[in-house]
Amino acid sequence: MANDIKILTEHINIPGIETFEVYRKAGGYNAVEKAIKKMSPDEIVEEVKKSGIRGRGGAGFPMGMKWSFLAKPEGVPRYLVCNADESEPGTFKDHYLMKNLPHLLIEGMIVSSFALGANKSFIYVRGELMYVVRILEKAIEEAKAAGFLGKNILGSGYDLELVVQPGGGAYICGEETALLESLEGKRGNPRNKPPFPAVKGLYQSPTVVNNVESIANTPWVINHGGEEYAKIGIGRSTGTKLISASGHIKNPGVYEITLGLPVDEFMNSDQYLGGIRDGHYLKAVVAGGSSVPILPANLFYKTANGEDRLMSYESLSDGGFPTGTMLGSGGFIAMDETTCIVRNTWNFSRFYHHESCGQCSPCREGTGWMEKVLHRIEHGHGTMSDIDLLVDVAKKIEGNTICPLGDAAAWPVASAIRHFRDEFEWHINHPNEATKPGAVYMGAEILA
Amino acid sequence: MENEVPLIKVTIDGQEIRVPVGTTIMEAARQIGPSVAPPAMCYYKPLQGSGGKCRACLVKVTAGSEKDPRPMPKLVASCITGAQDGMVVENFTSPEVVEARKGVVEFLLINHPLDCPVCDQAGECHLQDFAFENGVGEKRFVEEKRTFEPEDIGDKVQLHMNRCILCYRCVYTANQLTEKRVHGVMGRGDHAQISTYIKNSLESDFYGNVIDVCPVGALTDKTYRFKSRVWFSKPVDAHCKCEKCSGKVQVWYKGDEVIRVTARKNQWGEVEDFICNTCRFDRKKTSDWVIEGPSKVARNSVIAQNKYGLNQGKKPEFALNYAATNYKSIDDSRENNQNLDQIKKSEDYKALMQKNDKFFSKEKSLK
C-alpha cells in the first residue's frame, strides 16, 4: 500500500535539517534549480493543475485553479502571500512544518513565486509564533547567501524578495482578505467579495494566498511531476495531508497520511493514533479543526449509507451537513465518553465570540448571543426553548456574513445539537446534577 | 451617443428596470422606488467604500444573468453586488430574505439599549424604521446587554457607544471629508467600539457630519441635546454664503427658535451636501440664514403624522400580496349571512339598534 509515501515529512528526522547545508544535501532546492533553469512559469502552473492538489487551509479549493485565476495586467506587480496564520483550535500542522522544515516552505515559496511571476512574496505568520518567525528569517538569510533568493536567482535574471511578517495574533486574519488588510497595516477586517484577491488583493494588485502546507507540496510536484502526484491519494483528493491529532488518543501529534486512508486504520492502528486511551471509548470526533461539524462515533466510522469512511475530502463530507463533516484544515480532535459535549460546544463558541472581528452584524452579535446561551445551559440555568433558540440563531448567522467565520461559528453549535440533543436536554432537565463535578451521563462520568 | 454606457435589464420583485452597467442591485432597486428598495443601515452612497457590513440589505438572486441564469447560492448584500444583464432579484417577495432580515433586526437590537424615549435620534432613527418595518415584535434575548464606559470625544459631538451598530459610516466620513481622522474602531467582536486615538477630541471643520451620517443615536449634536423631540420641530430649507461648504442646510425651528442645523437629506436619508461645523453649530439665528421655505417632508416621515399609525402605506403592494397568500377569505356561505338583509329589516333588529343608540348617547353625556 502506498500509505507510507511521505511528501512533506520525508526528511524531517534528519538532524540539523533546519539548516541550509543539511537540507541541501538531502536534495533540497533541487526544485528551484529545475523550475528556474528548465521550466517556464506556465509549465509550473500546468504541473500544479495536473497534480490536482487542493488547498490545505480548510476550504479545499484546487490550487492550480486558484493560480490560473490570477489576473495578469501589464505593469502591475503580482504577489504571493503564504497564509501561516494557523489559529484554528485543534490545528497545529503548519507550526510543526515551519518549525522543523523552514527551508521546505522557502523552497516552495520560491518555486510558486516564480510560477506566478511575483517578485515580492510574504509569509504572514501568526503573532504568537515569534520563534518561528526567527527560524524562518534565519533560513531566508541562509538561502539568500546561497543565491537562491534575492537578485538574479541562479543567474536567471529572476528576482525575489521574501518577507516574513508576524501578525497580531487574530484568528480572523487567517481569512485571506483580512490577512491582506492586516499585511497592508490596517485593521484586520475581511473585505467584501468580489473583487477577489486574484484580481485586487494586496495593495490592490493581483494576489494569490496559499496555505503553508499547499506551498510546501509544490517542490515535490516540480521534482516528480504533477501526474505522479495525482497518483497518490484517492479520486479528487490527491496527495498527502498533514493531520494534527489531539484529544483522548494514545499517540497525539502530527501525522502525514495519504488521502484515502480508512478512518478506522488511522484511528486505531499503532502506526497512527493508536486508538482511544485504555478503558475508554470514542464518543465524538471533530475531524478538521473546531469549525467543522462534530460527528458522533458511529457516524464517524461509517457513513449514513453504511460505507466505511476514508480520510479524504469527499468521504468525510459524505452525507452533507446532516450526517457528514469536512476534512477542513486537518485538526483532528477525538473525544472519549468523559467529554461533556455542552461544555465543549460552549468552549468553541467562546472562541468564535472572542475572535469575531465585529464588522458584520450577524456574526458580531450572534456569536456572543450563542456563547451566553450555551454558558447558561452549561451552568444549569437553561430552558428547553434555548435549544431551539440556538439552532435558530445559528441558522440566521450561517451564510449571511461577509466571511466564513460566521459559518465556522454556527456549524459546531448546530451540529452538536443535531447529534447530541439529548445531552443538552439532560443538562437542562438535571441542572443540579449536570453542574456537579463527576456527573454521570449515560453511564459515564463526565469530567467537565 | 457613442459614449453612453450600455444599459442592462434587472428585474427586482417582478419590476423591470434598465440601468447602466456597473450599477449595484441596491441602486437599481432605489430607482424603481421605495416599494422594492432594500433597507440599508450601513450603506451610504456619498461615502466611497461603505456597505456590506450590516447585512440588512440581503436579497436573493434567483437568476444570476442572461448568460448564466443559475441562482446565487447564498443571499447577497445588494449594496455591494453589481447588477448583471438579465438578473432576477427577489427582495420583499422572498420568504428567505424576509426571514434573514428578521434575524438581522434581532441581532442589531439584542445589545441596543432601546432607550428611544430619551434618545435624540428617535423619530429620525434608521434602526427604528428598520426594526418597525422588518422585525418581529418579540425579543428572545434574556442575557445581560453589553455596555461601554461613556467617553468624551469633543465639545460638540456626543458619543453614546451603547447605541452604536458599527456601520463604519462615521469612519468613512472622517476619512473622506477631513484631513486627519482621529477616531476609529477599537477592539473587535461585540466589544468593538468607536473611539478616538488616546483621548483625542474630534477637531476638523467637517467632523460634525458624523452626526448626520450616523443611522442611530450613537453620535448626536451636543448643542441640540435634550432640547426637543424631532417631531415637535419644523424643518425649513435655508442657505447662507459660506466659504467652507455649499451652505445649503435644513434649519429646524421650535417656535421661533432655531434649535439645530443639519444637512439636507434625500429620500434615503443620505446627505446631499456635507456642511461645515460653523454652519452646523454656530449659526443659530434666523438672521444668519436666507430661508427658502418649508422643507419637503416625505409623507411617511415621522414629522408628517401617522408614520406608525394606520396610514403607514409604505409597501402596500407587498402587504396586499402577503395578505392574499397568507390569509383565507371569509366564508360567506353561512345562512345567517345570506339572511342579513332580512334581519336588518326586522323589527327586533331596529329595536336593538335604538337601544344601542340610547346607551351610547348616555355614555357621551356622562363624559
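The crossing of helices α2(A) and α6(A) is left-handed, a crossing being called so if the near helix is turned anticlockwise from the far one by less than a right angle, and right-handed if clockwise. In this predicted model, local features need pLDDT of at least 70 and side-chain atom pairs count only at pLDDT 80 or more, whereas totals for chains, interfaces and linings use all residues. Residues are numbered from 1 along each chain as its sequence is written, and chains are lettered from A, with ligands numbered from 1, in the order in which they are written.

Helix α2 (residues 30-38) and helix α6 (residues 102-116) of chain A pack with their axes 9 Å apart and at an angle of about 10 degrees, where axes are lines fitted to C-alpha atoms over the stretch in contact and angles run from 0 to 180 degrees between N-to-C directions. The two helices, α2(A) and α6(A), are therefore roughly parallel to each other, a description that applies to angles under 35 degrees. On the side of α2(A), the residues A31(A), V32(A), A35(A) and I36(A) meet E107(A), I110(A), V111(A) and F114(A) of α6(A), contact requiring that the C-beta atoms of two residues, placed from the backbone, lie within 7 Å. By class, this contact of α2(A) with α6(A) has seven nonpolar residues, one charged residue and no polar ones; Ala, Val, Leu, Ile, Met, Phe, Trp, Tyr, Cys and Pro count as nonpolar, Asp, Glu, Lys and Arg as charged, and the others, Gly among them, as polar.

Between the chains, 22 residues of chain A are in contact with 25 residues of chain B. On the side of chain A that touches chain B, α15 (341-355), α16 (361-378) and α17 (384-397) each supply at least two residues, and the largest share, eight residues, comes from α16(A). The residues of this side of chain A divide into eleven polar, six nonpolar and five charged.

Chain B has ten helices and 13 strands, taken as DSSP runs (H or I, at least four residues, for helices; E, at least two, for strands) and numbered from the N terminus. Its domain assignment, which is automatic or from a database, gives domain 1 (7-103) and domain 2 (111-294). The centres of domain 1 and domain 2 of chain B, taken over C-alpha atoms, are separated by 27 Å, and the contact takes 16 residues from domain 1 and 19 residues from domain 2. The side of domain 1 of chain B that touches domain 2 comprises eight nonpolar, three polar and five charged residues.

Terms used:
Angles under 35 degrees count as roughly parallel, over 145 as roughly antiparallel, 65 to 115 as roughly perpendicular and the rest as oblique.
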